[in-house]
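Colleague: Please take me through the model shown below.

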Amino acid sequence: MKIIIFGATGTIGNFLSKRYLKENNELLLFVKDQKSKKKLIKLLNLKKSDNTIVDNLNIMKKNSIKKKIDKYSFFFKKSDLIINATGDLGEIKDISNLNLKKFEKTLNINFFSNLIIIQKISKFKKRNKRLSIIFFSGGGVTSYRKNFSAYSISKLALVKLVEIVSKEIKNKFIQINAISPGIIQSKMIEKTLKNRKLVAKEEIKKIKLQVSSSYKTLDKIYKVINFLITKKGRKILGKLI
């Protein structure tokens, strides 16, 4: 398969990159900067013989996303699976005290990056095989999450985007879904624990109980994605999973 992963150095993106590389898939991996690119190449032990391209991309800049998709249009047009594993937790504050510039950054990463990917992909004229696009939702979408308004709002908007777009482009061989990954050991969790005084006690307890099962959670994500690209899984469209 031809697989594209945005945010390949993050916890989820890196896990999936390793799995799909072992299966000898053709990969196009995006990371945030040149330093991250070198780190990922070393981490994955990439060789010239591997069918893998690694490039840096500033996911916060809309034009940067568009330019990279245009640059690798040959890969995007023939891709089987696109995964955007980038994400930003945002400020842990109540909504009345949010810094609007920082809130905009969270929206750019968690919402607008996904919207741009959809817009660019849907405009490719020739597409004669199925494509599955996977985005990631998060906590606070289905219920209130104290002091995570920036994150929750951006992810809720993403879930609604997935639902709407699946109705609008369903005849273009494109399947889009959002996965809620659950609690995984990551920079987001580290930031949450660092600001535990601002976080609900119930959430801290939940993190402590579930974070040790991160590998099982990541493996479950991998299996869910692989199911979605099967003939049976293709019937699932526009859902929060």
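Colleague: Which residues line the largest cavity?
Modeller: The model is predicted: local features need pLDDT of at least 70 and side-chain atom pairs pLDDT 80 or more, while totals for chains, interfaces and linings use all residues. Residues are numbered from 1 along each chain as its sequence is written, and side-chain values use heavy atoms, without hydrogens or water. A cavity is a set of points on a 1 Å grid over the protein atoms alone where a 1.4 Å probe fits but cannot get out, and lining residues have an atom within 4 Å of a point. Here the lining residues are N84, T86, N110, N114, F135, F136, K155 and L158.

Colleague: Which elements give two or more residues to that lining?
Modeller: Elements are DSSP runs numbered from the N terminus, helices being H or I with at least four residues and strands E with at least two. Those that qualify are helix 5, strand 5 (131-136) and helix 6 (149-168).

Colleague: What is the volume of the largest cavity?
Modeller: Volume is the space filled by probe spheres set on the points, which are joined across faces, edges and corners. For the largest cavity this comes to about 30 Å³.

Colleague: Which helix gives the most to the lining of the second largest pocket?
Modeller: A pocket is an open set of points with protein on both sides within 12 Å along at least five of seven lines. Five residues come from the top contributor, helix 9 (residues 214-228).

Colleague: How far apart are the axes of helix 3 and helix 5?
Modeller: Axes are lines fitted to C-alpha atoms over the stretch in contact, with angles from 0 to 180 degrees between N-to-C directions; contact means heavy atoms within 4.5 Å. K62, I65, K66, I69 and D70 in helix 3 meet N108, F112, S113, I116, I117 and K120 in helix 5. The two helices pack at an angle of about 35°, and their axes lie apart by 10 Å.

Colleague: What radius of gyration does the protein have?
Modeller: The value is taken over C-alpha atoms, and the globule rule is 2.2 Å times the number of residues to the power 0.38. Because there are 241 residues, a compact globule would come near 18 Å; the protein agrees with this, at 17 Å.
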